Amino acid sequence: MLLSCTDVRKTFGDHVVLDNLGLEVAEHEVVALIGASGSGKSTLLRCVNLLTGIDDGTIHLDGEEITDPKVNPDLVRQKIGLVFQSYNLFPHMTVLDNITLAPTRVHGKSATEARELAMQWLDRVGLADKAKAFPDGLSGGQQQRVAIVRALVNSPRLLLLDEVTSALDPELVGEVLSMIRDLKAEGMTMVLATHEMGFAKQVADRVVFLDAGRVLEQGPPAQVLGDPVEPRTRQFLARIIEAGRL
Amino acid sequence: MTYAPSARQQERFAYRRRQAIRSVLLAALSTAVVGVLFAVGITGSPGWPRVKQSFLNVDVATKYLPDILDGFWLNIQLFLVCAPLALLLGLLMAVLRTLRGPVFFPVRAIATGYTYMFRGLPLIITIYLFAFGLPGLRLQGTPDVLVLGGAAITITYGSYLAEVFRAGIESVHPSQIAAARSLGLSYRQAMRHVVLPQAVRRVAPPLLNDVVSMQKDVGLISLAGPIDAIRSAQIGQAGSANFTPYVVAAVLFILLALPLIVITDRVTLRAARTQNAGI
Ligand SMILES: Nc1ncnc2c1ncn2[C@@H]1O[C@H](COP(=O)(O)OP(=O)(O)OP(=O)(O)O)[C@@H](O)[C@H]1O
Ligand SMILES: [Mg+2]
């Protein structure tokens, strides 16, 4: 297993957000996290990336326990890419500088090397002409693709995507989704939190339904989304269908 | 097809041009009227000849100008040394105050205590304490009053600047740090490459304002004894029984401040524009 979360517990005060949560992700697997707002999807991704500490349990990446307090979190994060719902590009830097920051400062690449790599990626996602632009001069879909490229240039072992399309209008969603589909074809291991059931169906190998901080149900997309076992899952999907999002 | 403005658009151009010319003429006229009123009002006042004699005396001004200029050079040097040091000190203290965790408690406490104390302490008292109190300890190698007074100014302004920097640092959204850390950057790297550049840009106008104000407060060094522009002016005033030397020093301080004030204005305007541009 590339990623194993075992009995992970996370609380904010009295509020138990992740409750004995278990999740395994194999190499090259794409896992979609679904669940109601507040069910803990973002929190789980932030815990895996060690942006927040957990209150119990263990998380292993590549066989190493990353929740061991002796582990340097900076080294762990270098192996994990995280893309945020709100892009979080650095507004004072050009697109190119956003992308080359980590390769040059963290991964010891030379400026030329980093620039070439960045330009290859930008070219690939059709944004080479935006290299010198600042983030606020880009559309939402363009910004989100830059954010994904910024995570990818570091060749992460695992890519975490947190509702990367929810701030985009339908036309822009397509750009980002086709990019993720390409990554899947190349064998990138991904965990993505999403409200787009159609997308989960198309791209995920496995859908995991989170409810009140636990994995309530998981399996192939067709089964979880088409014929769920748990009443809570049915309820959730019924509401999604009502909202016209399936 | 090349673009040619339509007849309607050309009409608009012409109208705007006429409006622009009209407003320039109006502005020139109103400025002239106000200026003349001021001049007549002041020079026509009953006390004007006496004020002119004791504050704007050309002979006194020419006599003491060289001494005051000499003193002013000291102010400039002091400013050029103190301003960068105060900025550095302020930045350092602001960053220290953001450190989290029990290990850093003493550092945080010192930085916080420093900003609280020196923002409350009147600069004049600080200068007295530094320039006359410290030598009283009779420690080996106590520097001279110029250095001590300069240190008092630097440390006082450092505490104001620290608060401005801290406001800037705190205005950068935590998600920016999260994004930087998620890329594998250390806290220090995230601070240096992501948080501080945005923070400094945001607070550049208030920072520059404090620097302008520091530029004139270096004149308070005269309280500690060194002969700067204000001290020379004081000597001149005592020697001539005329206040013109102070006016000469005042003009010099204004001339020195002007470029900085203009820069501050520009930066403030630009900051306001870029902040509104995104919406
Ligand atoms: N820093 C925090 N402090 C306190 N409570 C928090 C914090 N972060 C998250 N929570 C709480 O944890 C719960 C789970 O939040 P989380 O963001 O993980 O949900 P989510 O499944 O990602 O929801 P959404 O679909 O709306 O993004 C929520 O009830 C939220 O209020
Ligand atoms: Mg979320």
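Which polar side-chain atom lies 2.4 Å from an oxygen atom of ligand 1? The atom belongs to A:Ser37.

## Basis of the model

This is a predicted model: local features need pLDDT of at least 70, side-chain atom pairs count only at pLDDT 80 or more, and totals for chains, interfaces and linings use all residues. Residues are numbered from 1 along each chain as its sequence is written, chains are lettered from A and ligands numbered from 1 in the order in which they are written, and side-chain values use heavy atoms, with hydrogens and water left out.

## Ligand 1 and its shell

Ligand 1 is surrounded by 13 residues (a residue is near if one of its heavy atoms lies within 4 Å). The closest are A:Ser37, A:Gly38, A:Lys41, A:Ser42 and A:Thr43. By class, the shell has 8 polar, 3 nonpolar and 2 charged residues. Here Ala, Val, Leu, Ile, Met, Phe, Trp, Tyr, Cys and Pro count as nonpolar, Asp, Glu, Lys and Arg as charged, and the others, Gly among them, as polar.

Polar contacts are pairs of N or O atoms within 3.5 Å; within protein, one must be able to donate a hydrogen and the other to accept it, and residues adjacent in sequence count only if both atoms are side-chain atoms. A polar side-chain atom of A:Ser42 sits 2.7 Å from a ligand 1 oxygen atom. A:Gly38 uses a polar backbone atom, 2.8 Å from an oxygen atom of the ligand. Taken alone, ligand 1 exposes 640 Å², and the protein buries 60% of that (Shrake-Rupley method, 1.4 Å probe). Strand E2 (15–25) and helix H1 (41–48) of chain A are the elements that give two or more residues to the shell. H1(A) gives the most, with 3 residues. Helices (H or I, at least four residues) and strands (E, at least two) are DSSP runs, numbered from the N terminus.

## Cavities

Cavities are sets of points on a 1 Å grid over the protein atoms alone, where a 1.4 Å probe fits but cannot get out; lining residues have an atom within 4 Å of a point. Volume is the space filled by probe spheres set on the points, which are joined across faces, edges and corners. The count comes to 3 cavities of 30 Å³ or more.

The largest cavity holds about 50 Å³ of space. Its lining includes A:Arg77, A:His107 and A:Asn154, along with B:Ser182 and B:Leu183. Strand E6 (residues 80–83) of chain A gives the most to this lining, with 3 residues. The lining divides into 5 nonpolar, 5 polar and 1 charged.

## Backbone in chain A

## Annotated regions

UniProt (unreviewed entry) lists "domain: ABC transporter" at residues 3–237 of chain A. Its positions are given in the numbering used here, feature names are shortened, and annotations may be inferred rather than shown by experiment. Over residues 3–237, chain A is 37% helix and 25% strand, with end C-alpha atoms 27 Å apart.

For chain B, the UniProt unreviewed entry places "domain: ABC transmembrane type-1" at residues 72–264. That stretch of chain B is 81% helix and 0% strand, and its end C-alpha atoms are 23 Å apart. UniProt also places "transmembrane region" at residues 20–42, 72–96, 116–137 and 243–263 of chain B. Residues 20–42 of chain B are 100% helix, with end C-alpha atoms 33 Å apart. Residues 243–263 of chain B are 95% helix, with end C-alpha atoms 31 Å apart.

How values were computed. On a 1 Å grid over the protein atoms alone, a cavity is a set of points where a 1.4 Å probe fits but cannot get out, and a pocket is an open set with protein on both sides within 12 Å along at least five of seven lines; lining residues have an atom within 4 Å of a point.
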